[in-house]
Protein chains: 2
Amino acid sequence: METIAAERKASKLATKELTYFLYGGEEMVLRKREIENAVISDPTYDITKYHYLTREELFEQAVKKSVHSITKLMPELDILGVFERHSLTSVIGGENPLSLHTDMFMPTITGQGSDEQQEKWLPLATNYKIIGCYAQTEMGHGTYVRGLETTATYDPVKQEFDIHSPTLTSIKWWPGTLGVNATHAIVPARLITKGEDKGIHNFIVQLRSLDNHTAMKGITIGDIGPKFGYAEMDNGFLKFEHVRIPRDNLLMRFSQVLPDGTYVRPKTSSKLSYGTMVLIRAGLSKFSFEMLSRALTIAIRYSIVRRQTQNRPGEAETQLLDYVNQQHTLITLLATVFGIYFVSQDTIQLYVKTQSQLNEENMELLPELHASSSGVKAISTNLASQGIETCRIACGGHGYSLSSGFPFLYQSTTPSMTYEGDNNVLLLQTARYLIKIRKEVQEDPSYSPPDNVNYLTEAVRPRNINFRSPQHQLALYQCMVRACVDRAATKVSQGEKIGLDYFDAWNAAAVELIQCAEAHTHYVMVKSFIENIDKEEVRNMSPYNQFILKCLSDIFSLNYILNKSGLFIEAGAIYGRELNEIREVIQSQILEVRPAAVSLVDAFDYPDFVLRSVLGRKDGDVYTAMWEWVQHNPRNKHKNGVHPVYKKYTRKLLRAKM
Amino acid sequence: METIAAERKASKLATKELTYFLYGGEEMVLRKREIENAVISDPTYDITKYHYLTREELFEQAVKKSVHSITKLMPELDILGVFERHSLTSVIGGENPLSLHTDMFMPTITGQGSDEQQEKWLPLATNYKIIGCYAQTEMGHGTYVRGLETTATYDPVKQEFDIHSPTLTSIKWWPGTLGVNATHAIVPARLITKGEDKGIHNFIVQLRSLDNHTAMKGITIGDIGPKFGYAEMDNGFLKFEHVRIPRDNLLMRFSQVLPDGTYVRPKTSSKLSYGTMVLIRAGLSKFSFEMLSRALTIAIRYSIVRRQTQNRPGEAETQLLDYVNQQHTLITLLATVFGIYFVSQDTIQLYVKTQSQLNEENMELLPELHASSSGVKAISTNLASQGIETCRIACGGHGYSLSSGFPFLYQSTTPSMTYEGDNNVLLLQTARYLIKIRKEVQEDPSYSPPDNVNYLTEAVRPRNINFRSPQHQLALYQCMVRACVDRAATKVSQGEKIGLDYFDAWNAAAVELIQCAEAHTHYVMVKSFIENIDKEEVRNMSPYNQFILKCLSDIFSLNYILNKSGLFIEAGAIYGRELNEIREVIQSQILEVRPAAVSLVDAFDYPDFVLRSVLGRKDGDVYTAMWEWVQHNPRNKHKNGVHPVYKKYTRKLLRAKM
């Protein structure tokens with residue numbers, strides 16, 4: 001406890017200033033704390049025994065908390081909008097088992113329902129007269145939406161759709177809120193009318209009775225069972241046996257089916273609703289920042305408190321964070337989490353800009369937004385997911401206990417590598433964009449590519465290179481990414497030249513394509529970091545804060561160069577003989593950041609309640625916390641301290657004749 | 001199902017031949033299957049509902065299974081020795097909660113007890129009149145054994161030791177079998193006699209009454225609570241309040257305390273018992289092979305069955321394993337798992353050789369064995385742990401379900417990165433050896449270093465390089481590792497030159513030291529792979545099997561060169577312009593292995609029972625398995641299919657006035 005207090009006192013970081021910056025100002029921080037305090041002081045959200053609960057207990061408590069939030073806390077706090085709702089969920093912790101209702105069911109009706117449909121359904125949903133989910137994924141189909149097999153066949157006589165699961169693989173599988181709670185679902189299904197398959201459309205289907213919650217006729221429904229994490233979410237399955245719904249349960253803002261079965265093609269582009277998906281991806285980058293910054297808070301605080309090995313006679317054992325390899329591991333991750341922070345902010349801003357252009361039917365920014373948000377989602381979730389595990393492992397044995405808080409963070413973060421688009425699939429989409437722009441650049445010398453990819457027209461290694469210069473760093477990335485894009489494009493053309501068809505040529509280059517998308521996205525992140533710390537808000541900060549952010553920027557930028565040095569050398573961006581200099585700059589910047597480490601994680605401003613970690617306690621009183629925590633262990637509460645397995649099994653063994 | 005059958009039919013691999021090779025002959029495989037069949041046919045080991053069990057249910061069942069194995073199955077199968085015992089545990093699945101008794105308690109008495117002590121304690125242990133554990137780790141001390149705080153103060157009047165936990169951090173924490181089951185423990189504690197601290201020694205302490213299993217006087221004992229995995233093991237805590245034990249409960253093979261309190265220093269070196277630790281580390285490499293090969297069996301079978309995206313009109317969707325990036329991910333891991341296999345075999349052989357030398361008081365091989373087993377343990381467990389997660393993530397959403405079997409594999413494997421020596425600490429030990437040998441080489445021109453490190457005397461890039469030549473590959477590694485060792489050594493000397501003390505100089509170079517140890521160990525693994533497939537046993541195999549092993553060897557060797565290309569270029573081993581050629585060799589070898597993929601994982605010979613995975617079923621009937629599995633979900637078994645949360649919470653929300 002004294003150690004961490006001393007570290008805080010010695011740190012020169014203006015912690016509060018950084019906190020205000022990260023959350024967008026003092027007012028936002030005060031509001032955040034207001035929400036936190038409301039949760040912390042309400043016994044419904046008590047977490048004392050959280051890590052001891054079974055899957056069923058976790059789920060029940062989560063439903064209880066969710067209902068309590070909707071009916072009591074949210075009105076009291078006047079919480080409106082997706083941003084504050086997520087803040088609240090984030091403080092409460094775990095998953096919100098009713099979240100699909102507000103996050104997917106309602107927005108889909110808003111985005112794709114006709115005016116009449118919105119008028120009918122939204123009041124019901126807003127007032128929780130119904131609880132909705134979004135039942136897209138099937139047992140046999142995830143990322144490839146066009147492959148969904150569920151059918152919605154129109155019957156003009158009854159003016160109804162017949163919703164059906166024709167195969168085992170067409171059973172809906174994974175949707176959250178479906179397993180136990182939802183009364184309704186948006187069901188993407190293959191619309192068939194007049195014998196023709198019109199592709200995937202969205203339908204509203206009632207799943208359970210509003211009287212007694214039993215499944216509606218023709219519907220087999222349930223929970224898909226335990227997962228790696230996500231115990232608080234009722235991910236479900238859903239099988240249709242010719243379920244009938246009225247014609248106007250097809251969401252008809254864009255396409256319609258007339259009473260006689262005539263299919264009316266969409267007039268307006270559905271690209272307008274495309275923004276939602278992008279916003280969710282940008283949100284996942286923000287989410288990656290949150291989860292990794294929590295893990296780092298825990299890991300860095302513990303690495304200050306924990307000591308290992310007496311390296312000099314008569315002295316205390318060395319703090320974990322004073323081992324250079326531990327510093328390297330955790331402080332490069334600290335740089336990474338700031339990198340994720342800045343790029344998530346920029347992606348949200350690009351989204352806002354694009355959206356306002358879209359409202360004027362201008363689609364210019366759309367491809368860039370799509371490419372960049374796909375890449376950023378993939379790389380942010382990859383980095384956060386791996387980073388959290390790295391933090392856990394860096395904390396040794398105690399990291400493996402649920403009480404460390406790490407397992408929960410990892411299990412909640414890692415599925416984001418898959419949902420909202422598998423990361424490899426997303427990176428291939430980013431690659432497609434890069435290859436397309438490269439083609440345009442090559443075919444039209446007057447074409448000027450978007451800012452983030454103008455390395456495709458010019459990328460030069462600077463003379464008299466200075467590895468601490470952000471502009472030089474960017475130039476190195478530009479050379480490297482350009483070479484990666486070139487290599488991928490060449491590989492695709494080679495395939496085409498030897499007669500492969502479009503898919504085979506593309507597929508043969510998949511590894512190179514994913515690599516160029518990764519490289520590009522890292523470049524975008526480095527660029528975002530460098531540009532953001534050059535903005536007025538940062539320039540107005542205390543000089544030391546600016547200095548530390550510059551150190552972190554160097555670490556983020558150079559560490560990737562070092563890790564992927566082969567690619568940079570191959571591209572002619574750097575030489576093998578320069579690696580030692582890069583190593584030295586990284587190590588010297590890490591040493592600069594070391595004394596500010598505790599304040600940097602303090603600046604993330606997570607109360608102990610949110611971290612749920614005996615290792616990450618702000619006061620550093622780790623071992624007391626551990627001892628207190630174990631007092632709640634139900635396994636130790638049996639009569640005379642003797643567990644029932646003794647009488648059932650172990651005693652028999654001890655008394656057996658062997 | 002047809003797809004996987006067709007793949008099997010088309011594969012040219014002699015699967016059975018490879019299986020016999022991997023397990024050391026037909027006889028071993030038959031014995032393995034005998035054990036498997038005995039377990040599978042015994043209802044005590046039923047796993048139908050395994051993934052649905054709570055932590056408490058898992059633990060109870062595990063104790064039940066363990067007692068049943070000891071009293072019934074093991075005698076019936078005539079199972080003796082650590083190897084077969086582990087095979088049995090491995091088939092039963094999960095952890096064996098009584099394993100510390102046979103794996104640590106008994107071997108420590110055998111290794112460190114005097115003849116009289118062995119005579120007294122071993123019969124009790126062998127016949128399970130007592131159940132022992134090994135209580136070393138404390139809340140505040142893991143890897144650094146010399147820092148343990150528990151005291152054992154000798155009282156010459158009563159001729160007893162007083163065992164005491166003087167601080168919060170000295171509470172024993174983590175030992176398995178301790179939390180619930182153990183009646184006795186080996187307790188490493190600080191021996192104090194005549195006012196002098198003689199360092200850490202091992203004591204036998206009774207923890208629980210043999211009459212009713214309650215804690216002995218002065219002992220506070222219990223389970224430390226839920227972890228990331230290991231639900232079946234009762235990891236425990238143990239606090240001593242001046243607990244008295246007789247003088248002769250100090251294990252006295254090496255050092256003794258006479259009745260009057262005189263301390264007698266060890267005469268014989270305790271290095272003889274050092275072998276056990278090495279054997280455990282070699283065993284962890286084998287364990288890494290097992291766990292990763294299971295994950296690969298699941299991932300590869302599923303990637304054959306699972307299809308995603310219709311890439312050509314009218315054709316079926318593409319099998320996951322036909323995506324080049326998926327091939328790259330899984331087939332490089334397949335190469336890795338063979339790499340782990342060979343090096344674990346070689347480490348065990350080195351152990352045997354060293355042990356027979358040790359029996360003749362020859363310690364020549366000891367440093368090499370120590371360095372190599374430390375590095376191999378670290379790299380094997382790192383690779384397996386990361387590899388299993390890579391497999392899971394490569395299987396998308398379904399990988400995240402417990403029913404995939406991946407989460408269990410990961411959670412059981414990842415702690416091996418920490419236990420038996422934290423991997424970074426172990427790599428630093430390997431580095432210490434490398435730096436030492438380098439120094440000897442430099443100081444004494446006539447010194448001839450051990451085979452695995454003779455690159456320190458000579459390492460040359462071959463002329464007319466052929467990346468498919470194993471000898472050339474090894475030469476490239478030698479250049480690279482040598483450069484890494486040089487760099488680390490230089491960094492240490494630089495620190496010394498600027499006046500850092502020993503620890504600071506060493507610490508400043510920690511990143512480079514860990515890197516050189518990693519590089520060295522990868523080299524050892526590549527060498528082991530190459531040498532093993534050149535042995536008679538492999539040369540007697542069918543040509544196609546040999547060909548596939550050669551492909552895997554190339555992939556294993558070259559993929560690391562590609563991933564760490566910067567290091568190889570920096571060392572002058574390769575040039576940036578050669579990377580494309582390396583990429584092409586890797587990709588062509590992966591394409592060669594692709595048709596044999598299903599047979600390669602079949603050759604690991606895991607019955608479905610062992611895999612516990614709906615995705616990894618041998619018959620490929622994945623979706624049927626998933627549907628059958630979900631029928632067991634207790635969450636769906638409530639009256640009318642309505643979960644209790646409805647009446648408790650959700651109904652209130654649906655009927656609330658909002």
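How many Å separate the centres of domain 1 of chain A and domain 2 of chain A, taken over C-alpha atoms? The two centres lie 38 Å apart.

The legends below describe a predicted model, in which local features need pLDDT of at least 70, side-chain atom pairs count only at pLDDT 80 or more, and totals for chains, interfaces and linings use all residues. Residues are numbered from 1 along each chain as its sequence is written, chains are lettered from A and ligands numbered from 1 in the order in which they are written, and side-chain values use heavy atoms, with hydrogens and water left out.

**View 1. Domain 1 and domain 2 of chain A.** Domain 1 covers residues 107-268, and domain 2 covers 279-448 + 469-602; these bounds come from an automatic or database domain assignment. Five residues from domain 1 of chain A and nine residues from domain 2 of chain A make the contact (heavy atoms within 4.5 Å). The two domains bury about 520 Å² between them, 63% of it on carbon and sulfur atoms; buried area is the accessible area (1.4 Å probe) that two parts lose on being put together, summed over both. On the domain 1 side, A:T143, A:F228 and A:Y230 lose the most area to domain 2, together 84% of what that side buries. Zero salt bridges are counted between these domains (a salt bridge is a side-chain nitrogen of Lys or Arg within 4 Å of a carboxyl oxygen of Asp or Glu).

**View 2. The interface of chain B and chain A.** Here 131 residues of chain B are in contact with 131 residues of chain A. The two chains bury about 11,000 Å² between them, with 60% of that on carbon and sulfur atoms. In chain B, the residues that lose the most area to chain A are B:F228, B:Y400 and B:R635, together 8% of what that side buries.

**View 3. A salt bridge between the chains.** Side chains of opposite charge can pair when their charged atoms come close. Twelve salt bridges are found across the interface of chain B and chain A. One of them joins B:K648 to A:E60, with the closest N and O atoms 2.8 Å apart.

**View 4. A salt bridge within chain A.** Over all chains, a search of the whole structure finds 76 salt bridges. A:E7 forms one with A:R594, and their closest N and O atoms are 2.8 Å apart. This pair links distant parts of the chain, 587 residues apart: A:E7 is in helix α1 (residues 2-10), and A:R594 is in the loop between α20 (579-593) and α21 (597-603). Helices (H or I, at least four residues) and strands (E, at least two) are DSSP runs, numbered from the N terminus.

**View 5. An open sheet in chain A.** Three strands form this sheet in the order β4-β8-β7, with antiparallel pairing; two strands pair if DSSP finds at least two bridges between them. β4 (172-173) and β7 (219-223) of chain A stand at the edges with a single partner strand each, so one side of each has no neighbour in the sheet. β4(A) pairs with β8 (residues 236-240) of chain A over two bridges. In β8(A), A:L238 is the bridge partner of A:K172.

**View 6. A hairpin in chain A.** Strand β5 (residues 184-193) and strand β6 (residues 196-206) of chain A run antiparallel and are joined by nine bridges. A:V187 has A:F203 in β6(A) as its bridge partner. Two residues lie between the strands of the hairpin, and A:K194 in the turn has a positive phi of about 50 degrees.
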